[in-house]
Amino acid sequence: MKEVPLALVEMRNIHKWYGKVHAVDDVSLTVNEGEIVGLIGDNGAGKSTLIKILAGYHRPDEGEIFIEGEKVRINSPSEANALGIETVYQEQALVDLMSVARNFYMGREPVKRAGFLDKQEMNKCMVPLRTLGLSIKSPDLLVKNLSGGEKQGTAIGRALYFKARLVILDEPTRALSVKGVQTVLDLVRGLKEVNIAVIFITHTLHHVHDVAERFVIMKNGKVVNEIKKDEASLEELTEVLME
Amino acid sequence: MKERSSGIKHEVWQRFSRVAAAREAIIFGVAIGLFVLFTLLSDGRFASVRVISILAISAAELGIVALGVAMLMTCGEFDLSVGSVSAVGSIIAATLYQLGLNPFLAMAIAVGGGVGAGAINGLVVVKFGIPSFITTLGTMMVWRGFVSILTEGYTIIFRVVETHPAFHNVLQGGMGVVPAPLIWFVAMIIVLMLLLNFHRFGNHVFATGGNKEAARAMGINVNKTKVICFMIVGGLAAFTGVMQLARIRGFQALQGTGMELMAIAAVVVGGTSLFGGTGTIVGAALGVLIVTFIQFGLIMAGVAGFWYKFVLGVIIIAVVVINMAVERRRKI
């Protein structure tokens with residue numbers, strides 16, 4: 001018998017209600033090590049809710065989550081981080097009025113004695129950012145002065161630095177210029193190279209089609225289709241989505 | 001010889017630091033300008049040792065509270081109850097002292113009471129999701145009502161000077177010409193600046209005020225951060241109340257009235273945002289100086305007292321407009 005490798009993350013039969021709204025309806029989702037999964041669906045399809053459950057932001061009403069076959073309960077974003085799951089939310093990943101370095105270590109600040117910030121250590125955030133090919137001038141620069149692509153890059157660099165195994169990108173190309181979109185797609189490929197899995201949430205198909213290996217399509221809280229990239233062209237995929 | 005090859009990088013850096021320092025620099029300039037103006041208008045009396053000492057004591061009493069308010073506003077919340085909480089601190093200390101407790105112990109309990117009042121504000125805000133403006137408007141009235149009921153309009157005497165001179169000296173004595181309240185004020189500036197700008201907690205405060213959702217997503221307990229800020233403000237307000245008690249040597253039910261809006265005015269003049277996410281302790285301290293200068297300067301200059309609020313209002317709006325322009329250009 002062939003041995004099947006354990007999935008990095010497996011969400012099994014997840015349900016979530018908001019009052020009477022069945023936001024996530026019996027969804028199962030698997031992500032393998034180093035795999036790029038495109039999670040596609042219209043606004044209100046349940047993508048964000050599903051992902052916020054995985055990110056520890058919401059608790060599922062029913063269902064189980066397994067990391068490498070081991071059942072886990074993710075009660076908070078920090079618990080998700082500790083399990084190697086990093087989430088980059090659309091427009092809420094960073095604090096505009098804080099510096100790059102302060103954003104980078106937000107919630108996980110390196111400290112010296114008595115909880116005082118270790119500024120020297122914090123300046124090291126420039127290393128992963130340069131690795132990602134971002135040319136941010138100074139760690140003290142306020143995030144509001146970065147371009148859209150640089151902002152996403154900073155958030156992704158943060159995930160990389162903190163040894164994420166799965167990075168969830170929530171609409172990372174939304175409101176970005178053409179160049180910014182390219183930056184983000186390059187960053188995603190960069191993550192793949194170092195064997196970090198990515199869930200790429202979007203409703204713009206052609207952004208994700210370039211990079212993703214598998215597409216999971218959601219509608220009205222349910223997974224309606226799952227397609228491997230080599231099984232469908234962009235046109236075919238578009239048709240599936242329009243159904 | 002000057003190095004010319006340090007190049008563009010150096011120039012860019014210089015421009016950054018210039019804009020960043022501009023906030024405090026502008027406010028500092030306004031404070032100095034007002035001081036010079038009032039000194040000229042009062043034939044030099046404004047710059048006399050006696051007046052400066054009164055200014056220092058008055059600025060310290062408003063200032064210690066304002067520093068806490070600056071941190072709370074950076075966190076994205078308001079506290080309108082500080083005046084009432086300072087009165088609660090006063091009455092706790094005065095009553096316990098009259099019951100025979102050592103005044104240092106009475107003060108510690110009073111400050112603890114202030115911290116508790118802050119915790120109530122904070123917990124109501126985060127647990128019930130009521131805007132802090134409304135919550136603390138409520139507790140402002142509750143605590144003011146509470147002290148009025150207890151005192152029934154009478155003054156509570158607090159004469160520690162004879163019985164415990166050491167206590168009086170700690171709060172109202174001083175070193176040479178430097179009055180003790182000013183020393184406390186400077187000490188609090190240093191402590192809160194270290195906390196806000198150099199401590200992990202400060203990073204959580206900025207993150208909570210700047211983008212609550214992002215902070216939460218990165219594992220920061222935003223509710224806890226807010227409640228702690230409320231507790232710090234409450235403790236500082238009660239401490240100020242005890243300090244006033246030692247100065248006035250008695251307590252009456254209206255003590256601290258109006259402090260809340262003066263503190264917010266000073267903090268905003270100092271460059272802290274009304275919308276959270278940006279704040280400066282040094283700026284708040286300078287803002288307190290400006291407010292205090294106007295308050296006493298107009299009187300010293302012989303201007304009728306009721307001009308005070310008029311002028312203060314104009315200055316608040318003017319400084320905030322300038323601050324917003326600076327903030328837009330700020331890079332670091």
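Two residues are in contact if their C-beta atoms, placed from the backbone, lie within 7 Å. The model shown in these views is predicted.

**View 1. The contact between chain A and chain B.** Chain B brings 22 residues to the contact, and chain A brings 28 residues. On the side of chain B that touches chain A, α9 (200-210) and α10 (212-217) of chain B each supply at least two residues. The most comes from α9(B), with 6 residues. By class, the residues on the side of chain B that touches chain A are 10 nonpolar, 7 polar and 5 charged.

**View 2. The open sheet of chain A.** Chain A has an open sheet of 6 strands in the order β6-β7-β8-β3-β9-β10, and the pairing is mixed. At the edges stand β6 (85-88) and β10 (222-228) of chain A; each has a single partner strand, so one side of each is left without a neighbour in the sheet. On average, and with direction ignored, neighbouring strands of this sheet are turned by 20° against each other. Helix α1 (residues 47-54) of chain A packs on the sheet and touches β3, β6, β7, β8 and β9 of chain A. The direction of α1 of chain A makes about 150° with that of β7(A).

View 3. Strand β3 covers residues 36-40 of chain A; 5 of the 5 residues are buried, so the strand is largely enclosed by the rest of the structure. In a regular strand the side chains alternate between the two faces of the sheet. Here A:I36, A:G38 and A:I40 lie on one side of β3(A), with A:V37 and A:L39 on the other, and all are buried, so that both faces are covered. Strand β8 (residues 197-202) of chain A runs parallel to β3(A) and is joined to it by 5 bridges. Within this pairing, A:I36 has A:V198 as its bridge partner, and A:G38 stands opposite A:F200. Strand β9 (residues 214-219) of chain A also pairs with β3(A) in the parallel sense, over 4 bridges. The bridge partner of A:L39 in β9(A) is A:V216.

**View 4. Strand β8 of chain A, with β7 alongside.** Strand β8(A) is mostly covered, with 6 of its 6 residues buried. A:A197, A:I199 and A:I201 point one way from the strand, while A:V198, A:F200 and A:T202 point the other way; all are buried. Strand β7 (residues 166-170) of chain A runs parallel to β8(A), and 5 bridges join the two. Among the paired residues, A:L166 has A:A197 as its bridge partner in β8(A), and A:V167 has A:V198. A:V198 is also the bridge partner of A:I36.

**View 5. Packing of helices α12 and α13 in chain B.** Helix α12 (residues 259-269) and helix α13 (residues 281-300) of chain B pack at an angle of about 120°, with their axes 7 Å apart. The two helices, α12(B) and α13(B), are therefore oblique to each other. The crossing of α12(B) past α13(B) is right-handed. From α12(B), the contact is made by B:M262, B:A265, B:A266, B:V267 and B:V269; from α13(B), by B:A284, B:G287, B:V288, B:I290 and B:V291. The residues of this contact divide into 9 nonpolar, 1 polar and no charged.

Key
Residues are numbered from 1 along each chain as its sequence is written. Chains are lettered from A and ligands numbered from 1 in the order in which they are written. This is a predicted model: local features need pLDDT of at least 70, side-chain atom pairs count only at pLDDT 80 or more; totals for chains, interfaces and linings use all residues. A residue is buried if 20 or more other C-beta atoms lie within 10 Å of its own, exposed if 12 or fewer, and partly exposed in between; C-beta atoms are placed from the backbone. Two strands pair if DSSP finds at least two bridges between them. Axes are lines fitted to C-alpha atoms, for helices over the stretch in contact, and angles run from 0 to 180 degrees between N-to-C directions. Ala, Val, Leu, Ile, Met, Phe, Trp, Tyr, Cys and Pro count as nonpolar, Asp, Glu, Lys and Arg as charged, and the others, Gly among them, as polar. Angles under 35 degrees count as roughly parallel, over 145 as roughly antiparallel, 65 to 115 as roughly perpendicular and the rest as oblique. A crossing is left-handed if the near helix is turned anticlockwise from the far one by less than a right angle, and right-handed if clockwise.
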